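Please read them with the structure open.

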Amino acid sequence: MKRIVPAGLTGLVLLAGVACGGGGGESSGGGDAAAATGPIDIWYSNNQEEVAWGEAMVEAWNAENPDEQISAQEIPAGQSSEEAIAAAITAGNAPCLIYNTSPAAVPQFQKSAGLVNLDEIEGARAYIEERTGDKAEQYVSPDGAFYQMPWKSNPVMIFYNKAMFAEAGLDPENPPLATHEEFLATSRTLVEAGVATHAIWPAPSSEFFQPWFDFYPMFAAETDGSLFVEDGAAQFAGEEGVAVAEFWKTIYDEGLAGREAYNGDAFGDAQSAMSTVGPWAVAVYGEDIDWGVVPVPTSAGTPAEEVVTFSDAKNVAMYTACENQATAWEVLKFSTSEEQDGALLEMTGQMPMRQDLPGTYAEYFAANPDYEVFAAQAERTVEVPNVPNSIEMWQTFRDAYSESVIFGDVDVQEAFTGAAEDVDGLVGQE
Amino acid sequence: MATSTSVPAQAGTEAPVRTPGGRRWGRLVGRQPIGFLFAAPYVLFILAVFAYPLGFALWMSFHDFFFSAPGVAVERPFVGLDNYVTVLGDPDVQRSFRNIVVFLLINVPLTVALSLVLATALNGAIRFRTFFRISFYVPYVTASVAVVAVWLYLFNTRGLVNEVLGGFAPDPSWLVNSTLAMPVIAIYVTWKQLGFFILLYLAALQNVPKETYEAAAVDGATKVQTFWSVTVPSVRPATTLVVLLATITGANLFTEPYLLTGGGGPDGASASPVLVMYQRGIEQGNPDVAAAIGVVLVVGVLVISFVNRYLLERD
C-alpha cells in the first residue's frame, strides 16, 4: 500500500500533461447542417400527457413526410432534464429538438455552443414574434438573438382545497386571499382550525429552481411584472422584494408553512390547504379534490385580472448536433402551429405561448372553464431573465432566501442586499 | 549480522551470459514478464476510470474551463490559482468542509467501535449468529434511496422518533436543525455501512491465534481485559483499513445530504464538499471551480489518511 500513493501521483502528473491536449479544436461547422433535410431525433418531457401529445404529433408529421421521419423519445432520466441535456451537448449526441428546454438553462447551453441561433434561419424570428407577440422579447439572449422558441407556459397561481376552507369556516367560493394580510389571516384560520398541518407547503429545500414556486410569482405580482434582473441589476432587494420576503418569513415563523420538506405531495395528501401550481394541477387534482384557484396575493390586493405571475414556461430549442436542421425547423413550425398548439392544450392543459390564447381557442375554453382562468393569467406572466450564469444566480438567491426567510438566521434586507451584489457580479460576467 | 545473498553456480550448469541491456530489461520486467499481461486489464481500468479523470480534473482546476459541444473552438486559458482562490474564499465551500469534519469525527470512531464490538460478538458462539450477520449486512446492500425514505419517516417532525421522545423531541426537528442534521447523517451512514466493516473485522478475527485467548484465560483475564489486550491489538491492521476506508468514503459523502436533508439543508448545515462540487460543476456549469474543490478534498483526505496511518501503525 505504501507504494500506491507515490505511483498514483506520478501517474497524475503524467496524465495531466495528456489531458492538457484535450478540448479545443476546430468547429465542425454548421453550414451543411443548416440546409440539410432528412430524419431527425427529438426529445420531449416524460409526463404522461406530454408523451401522448408528442406521440400524436410525431405520427402526424411522419405520415406526411416519409423522407424526413422523426424518431422521438422521452428525455433520458437524470437528476434533472437540464443535466441530461447538458451531458448530451458535451457528448455531441443531443437530438435536433428538445421540447422541454428550461429558459433558465438556455444561457448555459448557449455558452456551451449547444444551441442553434434561430435568427440565422430565414423567417424564424418573424415566426416567433408573430406567434408569441410582445412576450417573445423575454426570451431573447443578451446577444439579441433567439436560441429558444417560446412554447408553453404554466402560469403559477394558488390552488386551494374548498372542503378544508369550508371546514375552517371560510367562504370556499370567495376566500380572502388577495392581500398579504388576508392570506396570512386565512392561513392562520386554517391552521388553528386544525384542518391541515400547514396552510401552504412549498418545498423548503435549497434547489436553485425552488424560488419559482414561492418567491418569484409573488415578486412578479408585487412589482407588476418586474424581472428578477433588469439592465444587469438585481431587482429583488428593493422594497417590493423585501415585502414579499417578509410575507413568506411570517408564514414560516408562524408555522403556516413547513420548514421541513414533505415526503410526497402535501396538497394531494391533504396535509396543506393551498399550493402554488400551474394548469397541470387541474388534471392531477381535478377528480380527487374540490379545488378553487386564485391569483397570487400582493400587499395592496391587486385586482385579479391585473395580477402578474411567473410563467414557468418550457420552450423548444434546436441543438447544434443536429445534422438536418432544415427539417428540424420545419418540424418546429409544424409542432407549434395553431392546430398542434390546440392539441397540446387539449391533451395537457398547458398554455401554448401564442397571442390571444383565449380568443384563438374560445371553443375549448368554453367547454373547459376550469382552464379559462389560467388562460387569462397566461397573458400576464414574466419569465426568468435571460442572463449569464443564470443558474448560479438563482442558487445564490435561494441560499440567501433560505437563511433569512425560511430559517430566519439572518436579517432579510441584509441577506438580500448581499445576494443582490453577488448577482450583479454574476450577470455582469461574460 | 550480515548475510550473503549470492548464489553460487551449481556444478554442471553454466550460468547464462547476460548483456547489460538484457540485465536492465530483466530488472524491469522481472523473472515472470507474463505477470504484466495478467495485471494489464486492471492497470488499464485504473488509468481509464481513475487516473485520467483525476489528472484531467487537476488540469481543469488551473484553467478557465467549461463544458462545450465537441469540435467547437473554445478558449480555455491558464488561470493559475484563481479557481483555488475562489474555492477557498467561498463561504459555502468553507462550511461544507467544516461539515465534513464534523461528520468524520462522529462517523469514523463510531464505525470502528461498533463494527469491532459487533464483529467480536458475532465471532463468538451466540444464538442466531447467521441471522444477526445478515441483519447487519442488509442495510449495506440496500439502495440508499429506499433506506433514506425510511429515515425520513423516522426523523421528520411527526416521525416515530419524535413520537417516542414526546416533549424531549428537538425543536426544530432533527433534519431541519442546523446543529443536529449532520450528526443524524453521520449516524445514518454509520448504521448503513456497518455491515461491510463488520465483515472486515470478522475476517481479521479469524486470523487471531486461539492460543493467545487461551493464554489470556489461563492468566485469569476477564472478557473485557481479553478484548482490550488481545482482540484490539490483534486486529490493528484491520483497524487501520477500516479507519482509512471510513475516512475516504465519508469524505465523499453526497447521497445522504442530497436526499435526506433536501440538498444540504437546513441552510447549508449538512452540505458536503462533494454536494457543493455537484452544484458548482454540474448544475451551475463551473467545472473548473468544482475541480478545484475536488483537488482540495483529495489533498485533505490524503493528509488525514497519512496521519491516521502514522498514529495507528506506530509501535
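How are helix 8 of chain B and helix 11 of chain B oriented to each other, roughly parallel or roughly antiparallel? The first point takes this up.

1. Helix 8 and helix 11 of chain B. This is a predicted model. In it, helix 8 (residues 181-206) of chain B packs against helix 11 (residues 236-251) of chain B at an angle of about 155 degrees. Angles over 145 degrees count as roughly antiparallel. The two helices, helix 8 of chain B and helix 11 of chain B, are therefore roughly antiparallel to each other. Their axes are 10 Å apart. The crossing of helix 8 of chain B with helix 11 of chain B is right-handed.

2. Residues in that contact. Helix 8 of chain B brings B:V189, B:Q193, B:F197, B:L200, B:Y201 and B:A204. Helix 11 of chain B answers with B:A238, B:L241, B:V242, B:A246, B:T249 and B:G250. By class, the contact of helix 8 with helix 11 of chain B holds nine nonpolar and three polar residues, with no charged residues.

3. Helix 13 and helix 14 of chain B. Here the axes of helix 13 (residues 273-283) and helix 14 (residues 287-313) of chain B come within 7 Å. They cross at roughly 165 degrees. That makes helix 13 of chain B roughly antiparallel to helix 14 of chain B. The crossing of these two helices of chain B is left-handed. On helix 13 of chain B the contact uses B:P273, B:V276, B:M277, B:R280 and B:G281. On helix 14 of chain B it uses B:P287, B:V289, B:A290, B:I293, B:G294 and B:L297. By class, the contact of helix 13 with helix 14 of chain B has eight nonpolar residues, two polar and one charged.

4. A cis peptide in chain B. Check the bond from B:D171 to B:P172: the model has it cis, with omega near 0 degrees. B:P172 sits in the loop between helix 7 (160-165) and helix 8 of chain B.

5. The six-stranded sheet of chain A. This sheet is open, with the strand order 2-1-3-12-4-13 and mixed pairing. Strand 2 (70-74) and strand 13 (351-352) of chain A are at the edges. Each has a single partner strand, so one side of each is left without a neighbour in the sheet. Inside the sheet, strand 1 (residues 40-44) and strand 3 (residues 97-101) of chain A run parallel, joined by three bridges. A:W43 has A:I98 as its bridge partner in strand 3 of chain A. Helix 12 (residues 325-335) of chain A packs on this sheet. It touches strand 1, strand 2, strand 3, strand 4 (149-153) and strand 12 (314-318) of chain A. Its direction makes about 155 degrees with that of strand 12 of chain A.

6. The four-stranded sheet of chain A. This open sheet has the order 6-9-5-10, again with mixed pairing. Strand 6 (198-200) and strand 10 (291-294) of chain A are its edge strands, each pairing on one side only. From one strand to the next, the twist averages 25 degrees. Strand 5 (residues 157-161) and strand 9 (residues 272-277) of chain A pair in the antiparallel sense, over four bridges. A:F159 has A:S275 of strand 9 of chain A as its bridge partner. Helix 8 (residues 180-192) of chain A lies across strand 6 and strand 9 of chain A, at about 145 degrees to strand 6.

7. A backbone angle in chain A. A:D231 has a phi near 50 degrees, a positive value in a residue other than glycine. A:D231 lies in the loop between strand 7 (229-230) and strand 8 (233-234) of chain A.

8. The interface. In the model, 44 residues of chain A are in contact with 39 residues of chain B. On the chain A side, the elements giving two or more residues are helix 1 (4-20), helix 4 (81-91), helix 5 (106-111) and helix 17 (390-406) of chain A. Helix 1 of chain A gives the most, with nine residues. By class, the side of chain A that touches chain B has 15 nonpolar, 19 polar and ten charged residues.

9. Confidence. The model scores ipTM 0.81 and pTM 0.85. Chain B averages a pLDDT of 88, and 93% of the residues score at least 70. Confidence in chain B is lowest in helix 1 (residues 20-29) of chain B, at a mean of 74, and highest in helix 3 (residues 82-88) of chain B, at 96. Over residues 1-13 of chain B the pLDDT is below 50. Beyond near neighbours in sequence, this stretch of chain B has one contact in the model.

Notes
Residues are numbered from 1 along each chain as its sequence is written. Chains are lettered from A and ligands numbered from 1 in the order in which they are written. This is a predicted model: local features need pLDDT of at least 70, side-chain atom pairs count only at pLDDT 80 or more; totals for chains, interfaces and linings use all residues. Two strands pair if DSSP finds at least two bridges between them. Axes are lines fitted to C-alpha atoms, for helices over the stretch in contact, and angles run from 0 to 180 degrees between N-to-C directions. Two residues are in contact if their C-beta atoms, placed from the backbone, lie within 7 Å. Angles under 35 degrees count as roughly parallel, over 145 as roughly antiparallel, 65 to 115 as roughly perpendicular and the rest as oblique. A crossing is left-handed if the near helix is turned anticlockwise from the far one by less than a right angle, and right-handed if clockwise. Ala, Val, Leu, Ile, Met, Phe, Trp, Tyr, Cys and Pro count as nonpolar, Asp, Glu, Lys and Arg as charged, and the others, Gly among them, as polar. pLDDT is the predictor's confidence in each residue, from 0 to 100.
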